[in-house]
Amino acid sequence: MSREHVVVALRSSRFVYLGFIVAAFQLTIATHAQDIKYSPDPNAAKNMTVLLKDFDPKPMLHVPSHEVPRAKFPVIDVHNHVNDPGGVHGEEIPAAEVIRRMDQANVQKIVILTGQWGEKLQGVIDKMVKPYPDRFMVFTQIDYSKIDDPDFSAKQVEQLRDSVRRGARGLKILKDLGLGDKDKSGQLVPIDDPRLDPIWEECGRLGIPVAIHTSDPEAFFTPVDNRNERYEELHQNPTWSFYGPGIPSKDTLLAQRNHVFEKHPHTTFIALHVANWPENLDAVSAWLDKYPNMVVEFGAREAELGRQPRRAYKFFTDYQDRVLFGTDSEPETEMYANYFRWLETADEYFPYWGYPGQGRWEIYGLQLPDGVLEKVYHKNAERVFAQFKGTR
């Protein structure tokens with residue numbers, strides 16, 4: 001058909017014009033039809049150029065999503081470091097701003113674990129506790145620098161008493177004990193070192209809990225290779241890798257800690273991070289059965305528990321009187337809302353707080369019963385802190 005004939009035809013009928021357009025469109029589709037093949041592309045590996053750090057897939061799931069900006073019951077966050085004197089846990093936040101966030105999320109109280117001792121401890125108490133005595137609590141710590149001195153134990157017991165007189169309401173043990181703290185000979189100080197026994201005993205006499213962090217995630221004790229599920233995290237923080245010669249095994253560290261629990265039955269121990277084996281809730285359950293003076297909290301372990309919702313639900317219900325709420329995160333309203341969504345809803349496959357920092361998986365809501373939820377949120381912590389006797 002000549003160009004002139006086309007023009008005449010188009011002018012003669014709009015129907016003919018539409019038919020021409022449709023035919024042209026169909027021809028275009030046919031030309032660009034996908035050539036579907038059913039064997040892998042031999043160049044697939046070469047074409048996969050996205051780096052792991054840039055890989056950020058968006059799930060295509062269409063599932064219910066519920067925002068929980070405010071907890072159903074008042075919350076005591078027993079694992080926080082906000083405005084501690086060490087200054088390594090984030091920027092300082094004005095106390096009034098922390099209170100505003102707490103009120104918004106229905107957080108009744110925050111426990112600042114790393115308060116140190118002496119004047120540094122006093123500074124945290126003056127800044128956070130004295131203006132808001134019902135909203136903040138501070139723990140003290142041990143000074144290992146003179147562990148070789150013959151009077152180390154006695155001096156640390158006195159330091160503990162001084163801290164309690166100032167207002168401390170617990171003792172925090174960092175993972176450095178067993179992994180980093182050394183005596184003058186260069187030997188690591190074991191967690192169950194006899195020189196620490198008087199300190200554990202004094203905590204029981206004072207009625208203050210010991211919040212103890214021993215070891216770390218299981219993957220931190222394995223090679224940092226393509227099979228390590230925390231590969232990215234360990235490259236971001238290479239000193240968190242405890243794989244190699246001269247480093248105690250995870251089993252050794254946990255055995256030392258459990259020996260302390262056994263030797264000091266009148267002292268309450270908060271085994272932080274789900275006793276630092278949330279990957280193995282059967283083991284943690286066995287410890288809770290064996291050591292009645294042990295409780296746990298789940299700070300920074302939402303990712304581990306959230307990926308095993310059925311097993312975690314059983315753990316929470318079986319040990320509903322022994323689990324405390326903790327976050328080990330800066331007190332942000334979005335962070336608390338993420339934790340509340342995990343504990344209160346049945347939402348499926350959503351990011352844990354800090355994703356993908358601890359691993360490339362997502363989590364599932366537990367939808368805990370109200371009776372369990374209220375214990376976890378505040379009642380269990382209240383019972384632990386009600387044991388306080390003081391220095392009388």
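A: Five strands make an open sheet, ordered S4-S5-S6-S7-S8, with parallel pairing; strands are DSSP E runs of at least two residues, helices H or I runs of at least four, both numbered from the N terminus, and two strands pair if DSSP finds at least two bridges between them.

The model is predicted, so to speak of local features requires pLDDT of at least 70 and side-chain atom pairs count only at pLDDT 80 or more, while totals for chains, interfaces and linings use all residues. Residues are numbered from 1 along each chain as its sequence is written, and side-chain values use heavy atoms, without hydrogens or water.

S6 (residues 269–271) is joined to S7 in the parallel sense by 3 bridges, and the partner of Ala-271 in S7 is Val-296. S7 (residues 294–297) in turn pairs with S8 in the parallel sense over 2 bridges. Across that pairing Val-296 stands opposite Val-323, and Glu-297 has Leu-324 as its bridge partner.

In a regular strand, side chains alternate between the two faces of the sheet.

Next comes Phe-298. Beyond its neighbours within four places in sequence, its contacts (heavy atoms within 4.5 Å) include Phe-316, Val-323, Leu-324, Tyr-339, Trp-342 and Val-376. Phe-298 and Phe-316 have the most contacts inside the largest nonpolar core, which has 89 residues; such a core is a set of buried Ala, Val, Leu, Ile, Met, Phe, Trp, Tyr and Cys residues joined through side-chain atoms within 4.5 Å. Helix H15 (residues 333–344) gives the largest share of this core, 6 residues.

Val-376, one of the contacts of Phe-298, belongs to the buried residues of H16, which also include Leu-373, Tyr-377 and Ala-381. H16 (residues 370–385) bends by about 55° at Val-376, the angle between axes fitted to the seven residues ending there and the seven starting there. Among the elements that cover the buried residues of H16 are S8, H14 (309–318) and H15.

As for confidence, the mean pLDDT (the predictor's confidence in each residue, from 0 to 100) of the protein chain is 93, and 92% of its residues reach 70 or more.

Note on methods:
Buried < 20%, exposed > 50% of the residue type's maximum accessible area, 1.4 Å probe, protein only.
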